[in-house]
Amino acid sequence: MISRRNFLYSASGAMLAAAASPHLSWAASDSSLIVPGKEDMIVRSFRYLDLEMPLSGFSSWITPVNHFFVRNHMSGPVDFDPTEYRLTVGGEVEKPLSLTLKELESLPMHTLTNTLECAGNGRGFQQPKVFGVQWGKGAVGTGKFAGVRLADVLAKAGVKTTGKHVSFRGLDIVPGKVPPFIRSIPVQKAMHPDTLIVTHMNGAVLSNHHGYPLRVVTPGWIGAASCKWLTEISVLPKEFEGNFMKPGYRFPTKALTPGEAPKPEETIPLTALDVKSIIAGPAEGAKLRPSMNAIHGAAWAGEADIVKVEVSTDGGTTWIEAKLDPQQAKYTWRLWSYAWKPKQRGEYTLMSRATDSQGRTQGTSAKWNPSGYLYNAIDQVKVHVDA
Amino acid sequence: MWMRSQNVVRIFSVTALASMFITATAILPNHVRAVGPNLPEGSMKAKAVTECMECHDAHIIVQQRMSKAAWVKEVEKMTRWGATVAPEDKDALVDYFSSNLPVDAPAYEPAETAKVSKSPVKKK
C-alpha cells in the first residue's frame, strides 16, 4: 500500500484510445492516467493536478472522495512527518502559536457539510474564451467535513483589535518565481462558527489530494478560500495583497461587456459563490425515446439556500418547477429532477434555472469577467428525441 | 528527451503499470512528465517543451483557445514566473501558440483517469 506520507500521485500510460479531433492529432491524449484515489475523473491538467468530477457525480448528494474534484496551482507536499507538522498562528495576535496535530485535535471537533466549488468552474463555457483551466460543470462537490473551529484556534492566540483579515498558507511547493499561494478572508468570516480547520472528509482522514493533514473549509465561498495543507495562519491589519488576492481571484464591481477588462480599482476579491444550477442528465447530444425521461442535476448558492429550480424543454419559452431532493443542509447543493415526456420527435433545448433565498436567479449569460470566474449562466443541453 | 520517455511508457503492459503505480513516489518524476497530449510541431516546440513543461504537462496548454494578444499576456506572465524566454524568441513563441491554438481551433477532448480499483493492485 502506498503510505500517506510518500505519495501524491503517480503517472503511467494505460493505453486509452485517443479521442481528440483529427485536426489536432498532436494533441491527442494517448494515455489515461492513474491517479491513486481518483477514478473516472476528467483530466484538465496533470501537472499541476486538476481533475474534474464526471457528470455521474451529480447523482450523489455527498460526493465520494474518489470523484471529488481536485484543483492545484502547484504541487502539494511530498514528504513530511506528521509528528513534526506544525500549524503556526501569528501576526496581530496576543500569543503566537505553534500547534502540533495532537494539540489541534484536542480542541472540540465539529462537522460541516459543504459544497465546495472552484471559482473557475464552468470557465470552459465562457465566451469569449479566457485563459485558465477549461473546466466544464464538475469542479464542484459536496463533502462532509470534520475538524476544529478556526475561531477556537484564533481564540487561543487572542486576536488583537487590529486584526481585520486572516491569511492562510499551505505547504505547496512553490515553483520558479511563482508567488506563494496565500489568500486571506475577513476576520468576521474566519471567526464564524462554521469556518473549520478540517482533518476529515466523508468520515476518513483527509487524503493528500484534499489537503492532508489540515485544510481550511470556508463554507459557501470559492474553493480558493479553503486552503489545503494548511501550515501558517497570519492575522493581518488589512487584506492580504499577494498575487492570488490581487490581481488573482477578483471580480469586477461594475457590469462589463464581454471581452472588456475592468479597471483594477473596480474589482474586489471573490468571496461567496453565486446561485447556479446545472443539468447532469441527459447528456449533451443524447438521443432519447419519446417516453418518460428524467432531466436531473444539482443547484447551489454558496451561503444562500436554493428556493427553486425551474426547467424548460422548449429553449426557455416556458418554465416548469423541478422537484428538489429532500436532502439538504446549509451551504450544500440540492439535487433536483423533472420527469419529462416529450410529445413529439425532434430537437429540444433543455434548460435549468435556479433561484436562491437571496432572490438571485440565473440569467441567460454569466457576468463577464476576464478570468471566467463564477460562471452561472442558465444551463443548456441539446437533445434529440426519436422513435 | 520527452519522446524517448513517451516510448518507454508506451511499452509497459497494464500489469507493469500497476506495479509502477504501487512503487511510485509522490512527485511526478521528470522522466514521465510528458505523459498525455503532445505539443504541436513547429520551430518553437523545443522551446515550449523546455520552458513550459518544466512545470506543466501539455494538457493545460493544448486546451487553450486564445487570441494572439492573449497569448502575449500569458507568455509575459509565465516569463515573470520563471520561464526563460529571450526577447528575440518571444514573438516566435507567441506565434507558435497562437497559430496552433487559435480561438477557432476544434475543441480539445480531455482524457480521464483510469479505474484504479480494476487494476491488479498488490499490497507492498
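Predicted model: local features only at pLDDT ≥ 70, side-chain atom pairs only at ≥ 80, totals over all residues.
One pair to look for is A:Val89 with its bridge partner in β12(A), A:Ile233. As a rule, strands of a sheet pair through backbone hydrogen bonds, either parallel or antiparallel.

Now for the helix α2, residues 150-157 of chain A. Its buried residues are A:Leu150, A:Val153, A:Leu154 and A:Ala157. These cover an arc of only 95° around the axis, so they end up on the same side of α2(A). What do the buried residues of α2(A) pack against? The table lists these partners, which belong to chain A.

| Partner of α2(A) | Residues |
|---|---|
| β3(A) | 87-91 |
| β4(A) | 97-99 |
| β6(A) | 140-149 |
| α3(A) | 187-190 |
| β9(A) | 196-201 |
| β11(A) | 215-217 |

Next, the core. Which residues touch the most other members of the largest nonpolar core? Among its 111 residues, A:Ile197 and A:Ala298 do. Leaving aside residues up to four places away in sequence, A:Ile197 touches A:Gly147, A:Val148, A:Leu150, A:Val153, A:Leu214, A:Val216 and A:Leu230. Two of those names, A:Leu150 and A:Val153, are also buried residues of α2(A). In soluble globular proteins, nonpolar side chains tend to be buried together.

Finally, step back to the whole chain. Chain A has 3 helices and 23 strands. With a radius of gyration of 22 Å, close to the 21 Å that the globule rule gives for 387 residues, chain A is as compact as a globular protein of that length. Along the principal axes, its C-alpha atoms fill a box of roughly 70 × 50 × 40 Å. Of the 387 residues, 49% count as buried. Among contacts in chain A with a separation of 6 or more, 68% come from residues 24 or more positions apart.

Key
Residues numbered from 1 in each chain as written. Chains lettered and ligands numbered in written order. Helix = DSSP H or I, 4+ residues; strand = E, 2+ residues; numbered from the N terminus. Rg over C-alpha atoms; globule rule 2.2 N^0.38 Å. Buried ≥ 20, exposed ≤ 12 C-beta atoms within 10 Å, placed from the backbone. Contact = placed C-beta atoms within 7 Å. Core = buried A, V, L, I, M, F, W, Y, C linked by C-beta atoms within 7 Å. Arc of directions from axis to C-beta. Pairing = 2+ DSSP bridges.
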